[in-house]
Amino acid sequence: MKELDDRELMELLKGVSRSFVLTIRALPKGLRKPVGLAYLLARTSDTMADTATAPVDARVECLRGFAGNLAREGGQEGFGRLREIKPEKEAEQYLLANLERVTGALEGLPDADREEIVALMRKITRGQEMDLLRFPDSGKVRALETAEELDEYTYLVAGCVGEFWTRICGAHLPRYGRLEPDELCRLGRGFGQGLQLVNILRDFPADIGNGRCYLPLAELREAGVSEPEELLGDLRRAVPVFEAWRQKALRRHEEGRRYIEGIRPWRIRFACLLPWALGVRTLKLIGEKSALEKGERVKVGRKEVGKIMRRAALGAVSNGVVKRWAEEGLRET
């Protein structure tokens, strides 16, 4: 089978991500392939988990088979019931059609890079599996029980990515960090969790309609919501809990700011500034537009993304720019 070359890798990435492909392009050449492959594998497992036309048991089996196959474990038959995963989006169909080539490219990486990616996918698929089992397609709105469950979920699907990013960049780039590796991993973990909280808050109205409530039930009950089904009639009842988690997401983005200031390579700083700035801006828009009143999914426009990229180019070489940007963005939210 023909090996997946760099151009095809970028084409696959462009198909499944409008924003992350900008991050990949900003990386030093030696990091583009391992980070790009890790992202494609994560998007593959995300497609397996999110294809609602497939039954939950098929999706769980696919995730387990996928993780086992990547880890070269015996007894795995392909990727489980992959034939039942039929996504609607053409880009995701194309990704699944090229999955064997993506996993083949993984085999061609140095052992250390491959092991980091396999360990990462173990955690991500575990979080996705837990998500499927917590939110079966039952026609009933279900909620996570506690803040600890939400923290665990954001770690498994995103916080571990911050740790992976730190370790693989540190392995490839001399003098990567100004801080100790353990501290950078801690900040990277919080940064990743903050980005995932942005997704959760932005998608909250749609998730409720699909039977999923990521805001903890224990906190909703303190705010007067006895059961998550009550939110179907009035999302505004969740405002106190929603706002508390929006503020937590902002604090996580402060960890992201400290992470960016704590690393040296300007390309990596630029790559990190893009999702950080988009996250801060999205959190501001969520607060401004009263997302729970309008039930809309907030999105940063293309023109504003262009402005963010230009400002990120300055922040890539100046901690002063990053600090002022953070003070401005976090103060306004």
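Take Leu 215: beyond its neighbours within four places in sequence, its contacts (heavy atoms within 4.5 Å) include Leu 144, Phe 204, Val 241 and Trp 245.

## Aromatic pairs

The whole structure has five aromatic pairs, meaning Phe, Tyr or Trp rings (six-membered ring for Trp) with centres within 6.5 Å; planes under 30 degrees apart are stacked, over 60 edge-to-face, the rest tilted. Tyr 153 and Tyr 214 are stacked, because their centres are 5.2 Å apart and their planes at 25°. Tyr 153 sits in helix α8 and Tyr 214 in the loop between β2 and α11, so the pair ties together parts 61 residues apart in sequence. Both tyrosines are buried (under 20% relative accessible area; exposed is over 50%, partly exposed in between, with a 1.4 Å probe and protein chains only). Together with Phe 135, they form one aromatic cluster.

## Cysteines

There are zero disulfides (pairs of cysteine sulfur atoms within 2.5 Å). For Cys 185, the nearest cysteine sulfur, that of Cys 169, is 11 Å away. Cys 185 is buried at 14% relative accessible area, and Cys 62 is buried at 0%.

## Ground rules

Residues are numbered from 1 along each chain as its sequence is written, and side-chain values use heavy atoms, leaving out hydrogens and water. Since the model is predicted, local features need pLDDT of at least 70 and side-chain atom pairs 80 or more, while totals for chains, interfaces and linings use all residues.

Technical notes
Helix = DSSP H or I, 4+ residues; strand = E, 2+ residues; numbered from the N terminus.
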